[in-house]
Amino acid sequence: MLVDDHMLGGMMQCPACGAALTLGAGGAGESGGGDWACAAPGCATGGAPFPKANGRSILVDFNASVLDREGMIASGADSVVHRRRGFMRHVFQMIDGPNPITPHFAGEMLDRCRALAAGDAAAGQGRRPRILIVGGGTIGSGADALYRADDIDLISFDIYWSEHVSFLADAHAMPIAAQSVDGVWIQAVLEHVIDPVQVVAEIARVLRPGGLVFADTPFLWPVHEKAYDFTRWTPNGHRWLFRDFGVIAAGTSSGPGTLSLLALRHLAASLFRSPKMGQILTFPFVWLRLLDRFCDARKGLDSAAGIFFFGEKAEKPIGMAELIRFYDEQIGFQQAVHRFGRVKAKL
């Protein structure tokens, strides 16, 4: 269940100074809710309430963010990048196909987070599990189960308004107290942040001990979202990014077949100066992405369009020697997770 302001009390912190936020006048639970503010002496916010857009709080330290305060407020926190909605979004989802691994890991995330909360309940600290979605303005392909689960508290944020977010925030300074959530889901987001190392550090900070992270990230994927696309990772680079986590599963979310389709699509779009023509002309070749399931594990990893990591917060980071060994170890993870394009079994 997606939570709102009145359900976030006790876990919100100032993105500028880290002090606890308080929900002021307006009344928690009323339409639009109250206004979050930081009363810490010397805070850069000066105690002023954080602004809102379309009823969602904008919990951003604009002095340390690429986001523009006046622009967000004036536009109602609309996305600066065009996003397909409604019918056209469904059409393009049909053309591009579903993510083959995220439905499994959404279920796995739910089961493991429920187990973490149940463990606390057994110790006399009963609570509902909490999952944080970073970049949840659009529901990621295959992540629907997270939004449907009514026995968890789902906290979602993005830098633009949508009905799927609890508030608006910059992932470099999450307005959430340390060790507040059981799981973090970050899908097709890390390539769009300026400092992914800082964002992953924030993920580790807000997770409880033993908390979980699922990240689905591009490797050999063309630029998208225009000026807001910054970085790519090899599988080993992705592992090092999440070095503060133990690996549960890792592998490709889209392989060389998908990469071939993307290359043809962008070639056609470049030749005809039209993304739409790229989609139309390469529609007869959508079957290429089905070849992902038949690819060799090693070659598929080395030439993947997208990769994923599912891990558990660890007590200490891996070392460089472990990172080098991971190059060979990841073949076993890939073979365990994928079998003809489907997740083979519960891990």
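Biologist: Which residue forms a salt bridge with Arg127?

Modeller: In this predicted model, local features need pLDDT of at least 70, side-chain atom pairs count only at pLDDT 80 or more, and totals for chains, interfaces and linings use all residues. Residues are numbered from 1 along each chain as its sequence is written, and side-chain values use heavy atoms, with hydrogens and water left out. A salt bridge is a side-chain nitrogen of Lys or Arg within 4 Å of a carboxyl oxygen of Asp or Glu. With its closest N and O atoms 2.7 Å apart, the partner of Arg127 is Asp182.

Biologist: Is Asp182 buried or exposed?

Modeller: Buried means under 20% relative accessible area, exposed over 50%, and partly exposed in between (1.4 Å probe, protein chains only). Arg127 has 23% and is therefore partly exposed. Asp182 has a relative accessibility of 0%, so Asp182 counts as buried.

Biologist: Which other residue meets Asp182 in a salt bridge, at 3.4 Å, N to O?

Modeller: The side chain of Asp182 meets that of Arg208. Asp182 lies in strand 8 and Arg208 in strand 9 (residues 207–218), so the pair ties together parts 26 residues apart in sequence; strands are DSSP runs (E, at least two residues), as helices are (H or I, at least four), numbered from the N terminus. The residue asked for is Arg208.

Biologist: Which residue is linked with Asp111 and Arg114 in a network of salt bridges?

Modeller: Asp111 and Arg114 both lie in helix 3 (residues 102–122), 3 residues apart. Their closest N and O atoms are 3.4 Å apart. The network that links Asp111 and Arg114 also includes Asp151.
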